[in-house]
Amino acid sequence: MSRTPRIDFLPHDADTLYATPGRVAVFVGPDGPESAVARGLDERTGGALSRLASGARWGRTKTGEVIEIAVPAGLAAEAVLVVRHDLDADRLAMRRMGGAIAAAAGRGELTILASELRHADEVALGVALRTYRFDAHQKPDAEEAPEGQVRIMSDESEALARAAGPMAAIAEGVAFTRDLVNEPANVLTTDDFAARLAAMQELGLEVEILEEDELARLGMGALLAVGQGSVSPSKVVVMRWEGGGDEPPLALVGKGVVFDTGGISLKPAGGMEDMTMDMGGAGTVAGTMRALALRRAKANVVGLVGLVENMPSGNATRPGDVVRSMKGDTIEVINTDAEGRLVLADVMWYAQERFKPSGMIDLATLTGAIIVALGHENTGVFSNEDGFAEALLAAAQTEGEGAWRLPMGEAYDKVLKSRVADMRNVGTGREGGSITAAQFLKRFVQDGTPWIHLDIAGTASLKSDWALGPKGATGWGVMALNRLVADRYEG
């Protein structure tokens, strides 16, 4: 679906470098070329790097910024990309530098000089993430350069390739999530989504698809109520990775509304086309499971996604209807556009009943209120256990994925009281909408189950390019969840 260039790790060879076409990226410190590789390239180009580093422009250049020297003397390359680099740059800074190089390079061949470079594996990850493109439904542009090869040259190329191996799995997981979220809803139907997940059995995942008759037998009336207005059948897909011992798994649960019209509570026309991304939670769960399988994670993790489409029709759920969840609680549907929590309620309960997980994390593009509160910089985090939440927040910070914990409490829960059912699916007002949604979900968390709810409505997709990707789906959460598994569940 997506297109990313192949990345090869090669020994540094000056003769090969000087004859290589495309673009060459080199890291230069504040005082000019310091590494042997940079000094050699400077000499080959007649002091071009030294002259750049001694100019006023270099003094204004920030760490991680890229300056292009076009048609450099002494090289077959069409340009040298000079990256302002500080020796103490951390992992995330180096990852962003990789993204900056990829953005500056565009298409065509790219060679990155990484000898003597700390965290060069992070540069490779940044390049892989930033070069992602989703053009499955576009005609090829005859005037556009073809997708090029990326070479990373290093005196320690074999060690660098080994270090970058697990990161390649992460990059593929992120790309898989982005592909799913970017797909239009007429392509990514519930059937198609389930088929793509079933195909991951070839990676070693156990994948099971629960169809509507089985969901009805299990009593998933809340989930089925969301999808009953659509011709696309509702499904639950279970993905199991058993790389650990006999310990209970971590459960990841994703909202997979492949398109959300709002149902009978119809959304405004303006911006409705963006609701193809309302399955972002399920996409992140799927991408995380792919990454864990690819890197053969030594942990037990189960991913469950509820796949539905929320459409208005003569058979659609109405405001005022009362539906019964798998738990047995009844829910008065006040607003059919608050559908994601109905899907999650049943899948979360099923996950706990069947797998007795050591912890459970749900992800959903759940509320517009979280965007009002946190913008597009941070995912909203809600939890019933401080230690679990702190571990997730630490993992997100380590991977540079913004996350912020919000409060919960009884006062927020009271607004869900219904006159005719056990609860309403929305509160009585707009205040604290993301919190009341979390309070609704908490009612479907069993005693003793550590739980985190991640509202990714603001972070799953962006309207503009960013450091590690083009506009569109971001894949937020794959790296954080992978890190959480590595740090907390792998011995």
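**Close-up views of a predicted model**

**View 1**

**View 2. The open sheet of 8 strands.** The strand order is β9-β10-β12-β11-β15-β19-β16-β17, with mixed pairing. The edge positions are taken by β9 (206–210) and β17 (403–405); each has a single partner strand, so one side of each has no neighbour in the sheet. From one strand to the next, the twist averages 20 degrees. Strands of a sheet pair through backbone hydrogen bonds, in either a parallel or an antiparallel arrangement.

View 3. Strand β16 covers residues 379–383 and runs parallel to β17, to which 3 bridges join it. G380 has W404 of β17 as its bridge partner.

**View 4. Packing of helices α14 and α17.** Two packed helices are described by the angle between their axes and the distance between those axes. For α14 and helix α17 (residues 478–489), the angle is about 120 degrees and the axes are 8 Å apart. The two helices are therefore oblique to each other, since the roughly perpendicular range ends at 115 degrees and roughly antiparallel begins over 145. The crossing of α14 past α17 is right-handed. On the α14 side, the contact is made by G387, F388, A391, L392, A395, A396 and T398. On the α17 side, A480, L481, R483, L484, R488 and Y489 take part.

**View 5. Salt bridge between E122 and R91.** The closest N and O atoms of this pair are 2.7 Å apart. E122 lies in helix α6 (residues 120–130) and R91 in helix α5 (residues 91–105), so that the bridge links distant parts of the chain, 31 residues apart. E122 counts as buried because its relative accessibility of 1% is under the 20% cut-off. R91, with a relative accessible area of 24%, is partly exposed.

**View 6. Salt bridge between D465 and R130.** The side chains of D465 and R130 meet with an N to O distance of 3.6 Å. Which of the two is buried, and which is partly exposed? R130 is buried, at 14% relative accessible area, whereas D465 is partly exposed, at 48%.

View 7. E214 and R217 form a salt bridge with an N to O distance of 2.7 Å. Both residues are in helix α9 (residues 212–218); being 3 residues apart, they are separated by about one helical turn. E214 is partly exposed, with a relative accessible area of 25%, and R217 is exposed, with 60%. Elsewhere, salt bridges with shared partners join R91, R95, E122, E399, R483 and D487 into one network. The whole structure contains 30 salt bridges.

Methods:
Residues are numbered from 1 along each chain as its sequence is written. This is a predicted model: local features need pLDDT of at least 70, side-chain atom pairs count only at pLDDT 80 or more; totals for chains, interfaces and linings use all residues. Side-chain values use heavy atoms; hydrogens and water are left out. Two strands pair if DSSP finds at least two bridges between them. Helices (H or I, at least four residues) and strands (E, at least two) are DSSP runs, numbered from the N terminus. Axes are lines fitted to C-alpha atoms, for helices over the stretch in contact, and angles run from 0 to 180 degrees between N-to-C directions. A salt bridge is a side-chain nitrogen of Lys or Arg within 4 Å of a carboxyl oxygen of Asp or Glu. Buried means under 20% relative accessible area, exposed over 50%, partly exposed in between (1.4 Å probe, protein chains only). Angles under 35 degrees count as roughly parallel, over 145 as roughly antiparallel, 65 to 115 as roughly perpendicular and the rest as oblique. A crossing is left-handed if the near helix is turned anticlockwise from the far one by less than a right angle, and right-handed if clockwise. Contact means heavy atoms within 4.5 Å.
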